2 protein chains.
Amino acid sequence: MKVAVNVHLKKGVLDPQGKAVLHALETLGFKNVEDVRVGKQIIIEINTNNKEEAIKEAKEMADKLLANPVIENYKIEVKE
Amino acid sequence: MKVAVNVHLKKGVLDPQGKAVLHALETLGFKNVEDVRVGKQIIIEINTNNKEEAIKEAKEMADKLLANPVIENYKIEVKE
């Protein structure tokens, strides 16, 4: 089962990479862009067919390793 | 409208960051993990209510700036 863990900086935490992308997009002529946030998407292949188990395990991985709870939020998405 | 551009290394391109995460998860006792790929998730706030237009614009941004077509694939996802 493929699970995606999407890790993003919390609201209020400065995201300089996002700001750099925003300015680059504006320079390229994209005038409709209001905000950009850059995060990580970690795709994990878990050897189980149980959706609930995969989500539970991915949550544990995010808490223990993938996200820094002080400055980051994460969301888990089952891909297939 | 919020659009996510998920950028990942193409299959066959070595992903050392993913491998490092895989080994770290194994060390932490997660035995069911088969593979890990680490990519970027770029969330873009586009000032439009037209879903098709938002996707089209995000695709252009990905082609011009966000992804390196030589080694990376991207997928666009409308968030809201």
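A residue counts as buried when its relative accessible area is under 20%. That cut-off is needed for point 5 below. The model is predicted.

1. Extent of the interface. Chain A puts 32 residues in contact with 32 residues of chain B. Between them, the two chains bury about 2800 Å². Carbon and sulfur atoms account for 60% of that area. On the chain A side, the residues that lose the most area to chain B are A:Phe30, A:Asn32 and A:Gln41. Together these three make up 21% of what that side buries.

2. In one salt bridge, the side chain of A:Glu77 meets that of B:Lys79, at 3.9 Å from N to O. Polar contacts across the interface of chain A and chain B come to 12 residue pairs, with both residues at pLDDT 80 or more.

3. Four elements of chain A each give two or more residues to the side that touches chain B: strand 1 (2-9), helix 1 (16-27), strand 2 (33-46) and helix 2 (51-66). Which of them gives the largest share? Strand 2 of chain A does, with 14 residues. By type, this side of chain A divides into 15 nonpolar, 11 charged and six polar residues.

4. Strand pairing between the chains. Strand 2 of chain A is joined to strand 2 of chain B (residues 33-46) by 13 bridges. The two strands run antiparallel. A:Asp35 stands opposite B:Glu45, and A:Ile43 stands opposite B:Arg37. Both partners in chain B lie in strand 2 of that chain. When looking along these strands, recall that side chains in a regular strand alternate between the two faces of the sheet.

5. Strand 2 of chain B. Is this strand mostly covered or mostly open? Strand 2 of chain B is mostly covered, with 10 of its 14 residues buried. Within chain B, strand 2 also pairs with strand 1 (residues 2-9). That pairing is antiparallel and has six bridges. Here B:Val5 stands opposite B:Ile42 of strand 2. Strand 2 of chain B therefore has two pairings to inspect in the viewer, because two strands pair if at least two bridges are found between them: one with strand 2 of chain A, the other with strand 1 of chain B.

Notes
Residues numbered from 1 in each chain as written. Chains lettered and ligands numbered in written order. Predicted model: local features only at pLDDT ≥ 70, side-chain atom pairs only at ≥ 80, totals over all residues. Heavy atoms only, no water. Contact = heavy atoms within 4.5 Å. Buried area = accessible area lost by both parts, 1.4 Å probe. Salt bridge = Lys/Arg side-chain N within 4 Å of Asp/Glu carboxyl O. Polar contact = N/O pair within 3.5 Å; in protein donor to acceptor, adjacent residues only side chain to side chain. Nonpolar A, V, L, I, M, F, W, Y, C, P; charged D, E, K, R; others polar. Buried < 20%, exposed > 50% of the residue type's maximum accessible area, 1.4 Å probe, protein only.
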